[in-house]
Amino acid sequence: MRLILSFIMLALLAACSQVQPWERGYLAKQEMAWDSDPLERALNDHIFFSKEASSGGNTAAGGGCGCN
Amino acid sequence: MMKRGFLTLGLGLMTSALVGLAHAVEEGDPAPDFSIPSIYADQPAIALADMPGKTVYVDFWASWCAPCLTSLPLYNDLYNKYRDQGLEVVAINVDNPIEDGLDFLLDTPLDFLIPSDPEGDMATQFNVIGMPSSYLIGPDGKVKLVHMGFRPTDMEMIEAAIVANLPD
């Protein structure tokens with residue numbers, strides 16, 4: 001049992017890999033986005049900002065001051 | 001049982017941390033030798049061994065990397081200014097698919113050598129830690145300058161380093 005558990009944990013760790021700097025283009029691809037439909041994303045953002053009275057805090061660092 | 005689990009977890013994390021610690025190319029190191037196909041299917045492979053006694057400026061770029069795209073036309077001017085004095089610029093494209101890089105080159109013609117490294121083999125060998133990264137290799141085959149990131153104001157420093165390392 002112990003051996004199996006250890007093996008499973010080891011196997012799971014082996015699946016972790018770092019995205020190298022030169023591979024970051026993959027992250028910019030459309031299919032890597034949470035919402036791949038830009039129109040749907042814009043609508044969801046609009047609803048979120050209206051409800052939260054905040055703006056710009058949904059993706060990268062910063063924003064959320066609701067000042068625009 | 002928990003103890004064993006944590007031990008395994010620890011060992012696993014250590015291994016993955018060590019993998020990330022491969023040696024990055026630094027100033028003073030001998031430049032890794034390379035021979036990679038050109039991004040243009042009709043042009044020959046590009047090898048460091050074919051440029052003996054020249055000053056070689058190696059740059060890693062991709063079409064999704066905005067500062068890279070800013071730097072390339074400026075490198076083109078630099079190349080045309082010093083090519084007669086023994087400067088070679090090798091701008092290694094890491095786009096995958098290659099067509100992304102070729103699309104950019106259609107709009108921005110560049111005169112220097114552009115090899116293609118879609119699998120990142122050369123980037124791994126240089127252990128590039130950020131995009132763009134560039135390496136100035138002197139005529140003696142040693143790395144003289146490692147530059148990461150790019151702002152147009154960096155050109156002054158890069159040009160000075162190139163001039164200081166041009167072949168006699």
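A residue counts as buried if 20 or more other C-beta atoms lie within 10 Å of its own, as exposed if 12 or fewer do, and as partly exposed in between, with C-beta atoms placed from the backbone. This is a predicted model: local features need pLDDT of at least 70 and side-chain atom pairs count only at pLDDT 80 or more, while totals for chains, interfaces and linings use all residues. Residues are numbered from 1 along each chain as its sequence is written, and chains are lettered from A in the order in which they are written.

Of the 68 residues in chain A, 4% are buried. Chain A has 2 helices and 0 strands; helices (H or I, at least four residues) and strands (E, at least two) are DSSP runs, numbered from the N terminus. The number of buried residues in H1(A) is 0, so this helix lies largely in the open.

In chain B, 4 strands form an open sheet of mixed pairing, in the order S4-S3-S5-S6; strands pair if DSSP finds at least two bridges between them. S4 and S6 of chain B are the edge strands, each pairing on one side only. S3(B) and S5(B) run antiparallel and are joined by 5 bridges; Val58(B) has Tyr135(B) as its bridge partner in S5(B).
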